[in-house]
Amino acid sequence: MNDDESFECQLVSWEEASRLARILAGRIKASGYLPDLVIAIGRGGYVPARVVCDYMLEGRLTSIKIEHWGIAAKMHDETIVRFPLSIDVRGKKLLIVDDVTDTGETLQAALEYIGGLFPIEMRTAVLQHKTTSHLEPDYCAEIICEWRWIIYPWAAHEDLVGFVERAMDGGPMSRTIIEEVLMRRFHLEPDEGALDDAIADLIAMGKVEALEEGYRKIELNRPL
């Protein structure tokens with residue numbers, strides 16, 4: 001997605017995420033599937049997998065880290081397994097958990113990688129499944145038919161930082177204008193403290209500078 005694109009974002013609350021995890025755990029239990037091990041796909045699946053395990057009273061949880069999406073709906077050029085499994089899963093029944101299926105590429109990469117480690121069975125579970133995904137998980141708590149970017153509470157600050165950076169095009173922008181652009185382009189309405197924290201981090205990272213008339217994105221090729 002390009003920096004000038006506009007699309008709807010949906011912020012999921014902690015309460016809603018917990019509700020979805022409870023539904024997901026209930027559906028897994030109702031199916032009768034008893035995994036020997038639960039594998040979270042990091043980073044998005046870390047928290048959902050832990051909460052699902054809580055509702056399943058399952059203590060056997062580990063993780064891998066796969067990189068496909070960055071922050072603020074930025075897609076990496078390729079999907080890679082950054083941190084592989086550290087244990088032997090040969091002959092085991094596995095449950096692989098992530099937060100959402102968007103394109104399906106992250107889950108597909110996980111299945112291909114873990115499948116090469118010779119488990120006896122693999123099933124996949126996500127909180128929310130978008131019908132835009134080419135891969136359908138075995139379990140989901142909710143199906144999303146109309147695409148939107150979903151912001152989970154465990155990534156809310158990181159995503160907001162990315163969206164504020166994307167919103168700051170052109171010359172200096174006042175805080176009010178930044179808020180207006182976030183709402184117009186991404187349907188985002190962060191509270192005052194959250195926006196202040198995001199702008200402060202962008203300044204600390206050297207991506208934005210504070211001016212008397214507002215804030216301006218620092219372009220790498222801009223003459224000093």
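Buried means under 20% relative accessible area, exposed means over 50%, and partly exposed lies in between (1.4 Å probe, protein chains only). The model is predicted, with local features needing pLDDT of at least 70 and side-chain atom pairs counting only at pLDDT 80 or more, while totals for chains, interfaces and linings use all residues. Residues are numbered from 1 along each chain as its sequence is written, and side-chain values use heavy atoms, leaving out hydrogens and water.

**Exercise 1.** Work out which strands the Glu67 and Arg82 pair links.

*Solution.* 
Step 1: their side chains form a salt bridge of 3.0 Å, N to O.
Step 2: Glu67 belongs to strand S3 (residues 61-69) and Arg82 to strand S4 (residues 75-83), 15 residues apart.
Step 3: Glu67 is buried, with 18% relative accessibility; Arg82, at 41%, is partly exposed.
Step 4: widen the view, and Lys65 joins Glu67 and Arg82 in a network of salt bridges. The whole structure holds 13 salt bridges.

**Exercise 2.** Describe the second largest pocket by its volume and lining.

*Solution.* 
Step 1: its space is about 240 Å³. On a 1 Å grid over the protein atoms alone, a pocket is an open set of points where a 1.4 Å probe fits, with protein on both sides within 12 Å along at least five of seven lines; lining residues have an atom within 4 Å of a point. The volume is the space filled by probe spheres set on the points, which are joined across faces, edges and corners.
Step 2: of the 14 lining residues, Leu11, Ala156, Leu160, Leu188 and Pro190 are closest to the centre.
Step 3: strand S1 (9-11), helix H4 (156-167) and helix H6 (192-204) each supply at least two lining residues.

Technical notes. Helix = DSSP H or I, 4+ residues; strand = E, 2+ residues; numbered from the N terminus. Nonpolar A, V, L, I, M, F, W, Y, C, P; charged D, E, K, R; others polar. Salt bridge = Lys/Arg side-chain N within 4 Å of Asp/Glu carboxyl O.
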